[in-house]
Amino acid sequence: MNLRHSLEIALPGVLIGAVAGAIAGGLTLLVGQPSGLVLAVPLAIFGGLYGTLLGKGFFRPGAFGPAGLYWMAAFPLARLIQELMTGLGMRDGVLLFLAYQALVSVGFAIGFIWMHERIMPYWLLRRAGDNPRAAALLDCYVQQARRISR
């Protein structure tokens, strides 16, 4: 398998993470915080990594638990990167900041997984002919749909 196949699997997660970070960055600009779009890059990276891990079988389509745990670690790291890049600092200390972000990450994970589960199958249908990883992952989605329909 070549790098292109892995990148194609990662692309939906990259886009979802980037858009989520851009929206959050836009909202922070509205309230006068200078953090801007700094969150979009780490969320795009972690979103792409999620897609890559899904393609390698670390996650299963339709299962929230492992993906929720993934985002419980990845989202606080993305927020920490954002805080370090903007220099705003953490008033209550790093541990309390990370603990709070881990709580918030559950909501982010629900939204991310929901979007990913809506976009990924259509992307896989387009790429399955040229990408064996996409074809294998699409088969996992089809099997999941069959299990649900029974």
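Let's start with what is buried in helix α1: in this predicted model, the buried residues of α1 include His 5, Ser 6, Glu 8, Ile 9, Ala 10, Pro 12 and Gly 13. Further along α1, Ile 16, Gly 17, Gly 21, Gly 25 and Thr 28 are buried too. And what covers them? Helices α2 (40–55), α4 (94–127) and α5 (132–149) are among the cover.

Now the helix itself. α1 runs over residues 3–30, which is 28 residues. From first C-alpha to last, α1 reaches 39 Å, close to the 40 Å expected at 1.5 Å a residue. There is a bend along the way, though: about 40° at Ala 10, with Pro 12 following within four residues. Back at the start of α1, a side-chain oxygen of Asn 2 comes to within 3.1 Å of the backbone nitrogen of Arg 4.

Met 115 is partly exposed, at a relative accessible area of 34%.

The whole structure has four salt bridges. Glu 8 and Arg 4 are four residues apart, about one turn of the helix. In general, an α-helix has 3.6 residues a turn, so residues three or four places apart point the same way. Is each of the two buried or partly exposed? Glu 8 is buried, because its relative accessible area is 11%, under the 20% cut-off. Arg 4, at 39%, is partly exposed.

Glu 8 also has a salt bridge with Arg 127, where the closest N and O atoms are 3.2 Å apart. Arg 127 lies in helix α4 and Glu 8 in helix α1, so this pair ties together parts that are 119 residues apart in sequence. Arg 127 has another salt bridge, with Asp 130, at 3.4 Å between the closest N and O atoms. Arg 127 counts as buried, at 17% relative accessibility. Through shared partners, Arg 4, Glu 8, Arg 127 and Asp 130 are joined into one network of salt bridges.

Last, a word on confidence. The chain averages a pLDDT of 89, and 95% of the residues score at least 70. Thanks, everyone!

Key: Residues are numbered from 1 along each chain as its sequence is written. This is a predicted model: local features need pLDDT of at least 70, side-chain atom pairs count only at pLDDT 80 or more; totals for chains, interfaces and linings use all residues. Side-chain values use heavy atoms; hydrogens and water are left out. Helices (H or I, at least four residues) and strands (E, at least two) are DSSP runs, numbered from the N terminus. The expected span of a helix is 1.5 Å times one less than its number of residues. The bend at a residue is the angle between axes fitted to the seven residues ending there and the seven starting there. Buried means under 20% relative accessible area, exposed over 50%, partly exposed in between (1.4 Å probe, protein chains only). Contact means heavy atoms within 4.5 Å. A polar contact is a pair of N or O atoms within 3.5 Å; within protein, one must be able to donate a hydrogen and the other to accept it, and residues adjacent in sequence count only if both atoms are side-chain atoms. pLDDT is the predictor's confidence in each residue, from 0 to 100. A salt bridge is a side-chain nitrogen of Lys or Arg within 4 Å of a carboxyl oxygen of Asp or Glu.
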